[in-house]
Amino acid sequence: MTGAGDLAEGRPLLLTVDDDPSVSRAVARDLRRRYGEDHRVVRAGSGAEALEALREVKLRGGRVAVLLADYRMPEMSGIEFLEAAMDLFPRARRALLTAYADTDAAIAAINVVDVDHYLLKPWEPPEEKLYPVIDAMIEAYTSQPDAEVVETKVIGHRWSPPSFAARDFLASNAVPYRWFASDEPEGGRLLQAAGLSADTLPVVITPDGTTLVAPSTTELAGAVGLSTTPATDFYDLVVVGGGPAGLGAAVYGASEGLRTLLVERQATGGQAGQSSRIENYLGFPDGVSGAQLTDRARRQATKFGAEILTTRDVTGLRARGPARIVTFGDGGEVAAHTVVVATGVSYRELAAPGVAELSGRGVYYGSASTEAADCADRDVYIVGGANSAGQAAMFFSRVAKSVTLVVRGDALERGMSHYLIEQLHAVDNISVRLCTAVDEAYGDEHLEALSLRSLPSGASERVDASHMFIFIGAEPRTDWLAGVLERDQQGFLLTGPDLLVDRERPRGWSADRDPWPLEASLPGVFVAGDVRADSVKRVASAVGEGAMAVALAHRYLGTP
Ligand SMILES: Cc1cc2nc3c(=O)[nH]c(=O)nc-3n(C[C@H](O)[C@H](O)[C@H](O)COP(=O)(O)OP(=O)(O)OC[C@H]3O[C@@H](n4cnc5c(N)ncnc54)[C@H](O)[C@@H]3O)c2cc1C
């Protein structure tokens, strides 16, 4: 193949295929002379070679405007090639090159398959015999062109949990992607170009055409350029958790010259990344979405030199002399002088029949903004009575037919900010059902209905529902720290003065001083944000504690 170069390049392709090298060269030369500035001209010596090039262009998201194929070629004729090429690029305009002797056969074939033109060889002068035809083909293509797709492509089943997980992961990590349902034509074409079937989904294709089948989040992270392995094995500061507290610690740590590593098991942003609009964070009078705030914080942390690892679950912490060793789920580890634990809290699960089975297929924890398009004109239920549920109701009310907030309590005022309650009341398609619990979720492939129970009367009602988003509180997941750091009964981490019982320092405490504020029961380990016992569950306080933990880490590093 000649002229292929970077097939992903933005200009649409003009592809010519002819088994006679001299003819092929001549066509390409004439095409380049007139169209080379706005198009890439590529020539192939056989149908198979040309199809291979087209598959690569498809995977890389490129466009094909015109296909010219010699009628008489061994192995695969021009007609056969054009038919196969149409499966990949149905919008490309098609022409056959024929010798005079083959004209009748070519015309007969044109009547069988959908070919726009035939061109007689030789076509001298091209100004008269070639360019008018190609001009017309390019014009026809330009009036209905393909869309160039420069982003990562995800092909999956609309309602499959692994497909949702891949999209959710990319969206949470601010990786641009385009979604293609496997049962839609373009999804099918991409699978065909990759030589895959719809049996194992999702299929993820990166902008350079690399194809991943049902990748793990770590594989996905690596393929889209997110770092998953630490650059070195010793740091001044390791931050565990990439929510506001962890990102705050990373920004302050790195900006103050500490060699800083942030380790996040899923996607940076934490709970705040889930928020469709944070209205009360200082400096954003018009509110800011969690995704925007996270993107800025992540860029800020990396700008100062912090290293950010995604998809690495921290499962252990121990002291080795003065070093603090952080262990990953896959057995790897890094050491540091100091550690900030900022692992926040995770959603509590709704224990009602059917909910677990339909999770990822209409039932979601958190606001799952990737699902917004699917909620268009549907009945959406939001479970929970705190601000997070209220924000989600506002968010989905913009697309859904109806949004119903299902709240166990008897008044929204118990858990929700006043401004949000006022906003909810002002939106026509939002209704609130107080004193109500979800008893059961129904559906085969996808959520179809819910059973709602009125708590005062006990009466149940079955309602149609396509989506349910659950926000029923959260709990810290700190089991991995049992026996290492002191925790309260709910698993929140105790720090500073809370560790002193009758003025006694915690068991095994090795420093010759009391624990500082935010310091855990292992000297040099600090705790910031929601995971800390008695913390204020807010973005601002999490960020503030992250900054304060770094100041204390400095103090710790300067102490003999
Ligand atoms: C939908 C929603 C809306 C909200 N709206 C607001 C609002 O408007 N205003 C406001 O002030 N607050 C709001 N909050 C609360 C606010 O988001 C939290 O208080 C804040 O995110 C806490 O930050 P954090 O860093 O302590 O923890 P989190 O945000 O919970 O982040 C913890 C991070 O640690 C990671 N992690 C956990 N365990 C591990 C491990 N073992 N290894 C590696 N990584 C780990 C998690 O994946 C997560 O990314 C909202 C919360 C939600 C859910």
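This is a predicted model: local features need pLDDT of at least 70, side-chain atom pairs count only at pLDDT 80 or more; totals for chains, interfaces and linings use all residues.
**A pair of packed helices**

Two packed helices are described by the angle between their axes and the distance between the axes. Here, helix 2 (residues 47-59) packs with helix 3 (residues 78-88) at an angle of about 10°, and their axes are 10 Å apart. Helix 2 and helix 3 therefore run roughly parallel to each other. On the helix 2 side, the contact is made by Gly47, Ala50, Leu51, Leu54, Arg55 and Lys58, while helix 3 brings Phe81, Ala84, Ala85 and Leu88. Sorted by class, this contact of helix 2 with helix 3 has 7 nonpolar, 1 polar and 2 charged residues.

**Around the ligand**

Next, let us turn to the ligand. There are 34 residues around the ligand, and Glu264, Gln271, Asn280, Gln391 and Asp530 come nearest. By class, the shell around the ligand divides into 15 nonpolar, 12 polar and 7 charged residues.

| Residue | Protein atom | Distance to a ligand oxygen atom |
|---|---|---|
| Proline 244 | polar backbone atom | 3.2 Å |
| Alanine 272 | backbone N or O atom | 3.3 Å |
| Glutamine 391 | side-chain N or O atom | 2.8 Å |

Taken alone, the ligand exposes 1,000 Å², and the protein buries 94% of that. Helix 10 (244-255), helix 12 (387-397) and helix 14 (539-557) are the elements that give two or more residues to the shell around the ligand.

**Backbone details worth a look**

Most residues other than glycine have a negative phi, and most peptide bonds are trans. Glutamate 124 and proline 125 are joined by a cis peptide bond, with omega about -15°. Proline 125 belongs to the loop between strand 5 (117-120) and helix 5 (126-129).

The peptide bond from leucine 201 to proline 202 is also cis, and its omega is near 0°. Proline 202 can be found in the loop between helix 8 (185-194) and strand 8 (203-205).

Aspartate 377 has its place in the loop between strand 17 (363-365) and strand 18 (379-383).

Methods: Residues are numbered from 1 along each chain as its sequence is written. Side-chain values use heavy atoms; hydrogens and water are left out. Axes are lines fitted to C-alpha atoms, for helices over the stretch in contact, and angles run from 0 to 180 degrees between N-to-C directions. Helices (H or I, at least four residues) and strands (E, at least two) are DSSP runs, numbered from the N terminus. Angles under 35 degrees count as roughly parallel, over 145 as roughly antiparallel, 65 to 115 as roughly perpendicular and the rest as oblique. Contact means heavy atoms within 4.5 Å. Ala, Val, Leu, Ile, Met, Phe, Trp, Tyr, Cys and Pro count as nonpolar, Asp, Glu, Lys and Arg as charged, and the others, Gly among them, as polar. A residue is near a molecule or strand if one of its heavy atoms lies within 4 Å of it. A polar contact is a pair of N or O atoms within 3.5 Å; within protein, one must be able to donate a hydrogen and the other to accept it, and residues adjacent in sequence count only if both atoms are side-chain atoms. Accessible areas come from the Shrake-Rupley method with a 1.4 Å probe; for residues, only the protein chains shown count as cover.
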